[in-house]
Amino acid sequence: MKGTPGLYSRASDVRVIGMRADGNSMGSGSGMRPGLVVHVGASRAGWWRDHMAALLPDHDVHLWDEVPDPATIRYAVVWKHPPGGLRRFANLHAILSIGAGVDHVLVDPDLPAGVPVIRTTGAALTQRMREYVCLHVLRMHRQCPTFQSARAERRWHQPVLPPAPMRGVGIMGLGGLGQACATALAGLGFAVSGWARSRRALPGIAVYAGAEERDAFLAASEILVCLLPLTAQTQGVLNASLFDRLPRGACLINAARGRHLVEEALIPALDAGALSHAVLDVFRTEPLPDAHPFWDDPRIDITCHSASLIDPEAGGRLIADNIRRIAEGAPVPDLVDTARGY
């Protein structure tokens with residue numbers, strides 16, 4: 001396979017890594033043991049190093065600050081590495097995110113040109129997100145927060161609620177996670193709409209595409225779920241203007257990234273009745289500061305970035321499998337289009 005500026009070619013839903021932009025093969029090929037560097041939170045760093053070393057016994061695995069020779073590093077397995085830190089590894093073959101999100105990689109101002117970036121998803125992560133989204137859509141649909149308030153007041157609250165087919169649920173972002181959640185919600189009977197940058201066909205789901213169709217999508221979304229990738233275009237997308245385009249009293253669920261939400265706009269939207277409730281899993285600053293006003297607002301549910309945490313053991317196996325595929329020149333799932341940002 002010849003090297004191309006994009007580094008990959010499509011093969012159905014996966015991409016094949018063959019040559020770096022400089023023309024060098026992506027496999028090790030030199031007879032030297034390839035090196036792998038891991039950057040993750042300090043509490044689990046040693047565990048990740050040992051786990052990856054056990055999964056890839058023919059690799060030398062090092063923690064971020066313990067690399068004896070940066071020139072030997074072929075693979076960087078990272079979560080929120082220091083910006084600019086990858087530039088010391090001149091012979092990288094791939095950067096693998098410990099998780100589905102890659103914005104923490106792409107914001108690196110010195111991201112090595114021509115080095116593929118790979119996210120880590122897998123069936124378990126998708127299942128967890130599907131569970132989370134279905135749980136909270138059902139909670140919002142059946143007005144569970146109002147029952148909790150009524151109980152606190154010892155008030156008998158008995159509303160007549162519409163069935164799922166009469167409730168419009170909108171999914172912003174139709175990547176793998178978004179499609180899985182949209183399909184599950186449609187299976188529960190909801191009137192599901194999806195919005196994405198480009199057109200796609202999903203059975204049982206009304207798909208809207210592009211900026212010109214976003215307002216129509218929002219108007220149909222009584223419960224709005226954000227599963228967008230974080231890019232320069234989607235940062236701050238959950239703002240006062242968007243809230244005003246939803247049906248009055250809509251509910252918001254953000255399980256994507258904290259920077260999608262303009263936090264200063266949320267409580268005013270709740271006060272004005274544009275929104276009735278919000279479920280937030282992600283925040284600009286994590287952990288959420290003690291003094292943050294979201295903690296004290298009963299109209300905001302906080303789930304502490306737990307919607308779909310990766311299982312470290314299974315995630316490590318997925319990463320190791322992808323590294324083996326890269327070395328063999330085999331198709332690699334979840335390769336990121338760095339120009340698009342996802």
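Trainee: Is Cys 181 buried or exposed, and what is the relative accessible area?

Mentor: Keep in mind that this is a predicted model. Buried means under 20% relative accessible area. Cys 181 falls in that class, so call this residue buried, with a relative accessible area of 0%.

Trainee: How far is the sulfur of Cys 181 from the closest cysteine sulfur?

Mentor: A disulfide needs two cysteine sulfur atoms within 2.5 Å. For Cys 181 the closest cysteine sulfur sits in Cys 134, and that is too far for a bond, because the distance is 6.4 Å.

Trainee: What about Cys 144: which cysteine has the closest sulfur?

Mentor: Cys 144 is partly exposed, at 28% relative accessible area. The closest cysteine sulfur is 11 Å away, too far for a bond, and belongs to Cys 251.

Trainee: How many disulfides does a search of the whole structure find?

Mentor: Just to recap, a disulfide is a covalent bond between the sulfur atoms of two cysteines. Searching the whole structure gives a disulfide count of 0.

Trainee: Which residue in β6 is the bridge partner of Tyr 75?

Mentor: β5 (residues 73-78) pairs with β6 (residues 94-97) in the parallel sense over 4 bridges. The partner of Tyr 75 in β6 is Ala 94.

Definitions and conventions:
Residues are numbered from 1 along each chain as its sequence is written. This is a predicted model: local features need pLDDT of at least 70, side-chain atom pairs count only at pLDDT 80 or more; totals for chains, interfaces and linings use all residues. Side-chain values use heavy atoms; hydrogens and water are left out. Buried means under 20% relative accessible area, exposed over 50%, partly exposed in between (1.4 Å probe, protein chains only). Two strands pair if DSSP finds at least two bridges between them. Helices (H or I, at least four residues) and strands (E, at least two) are DSSP runs, numbered from the N terminus.
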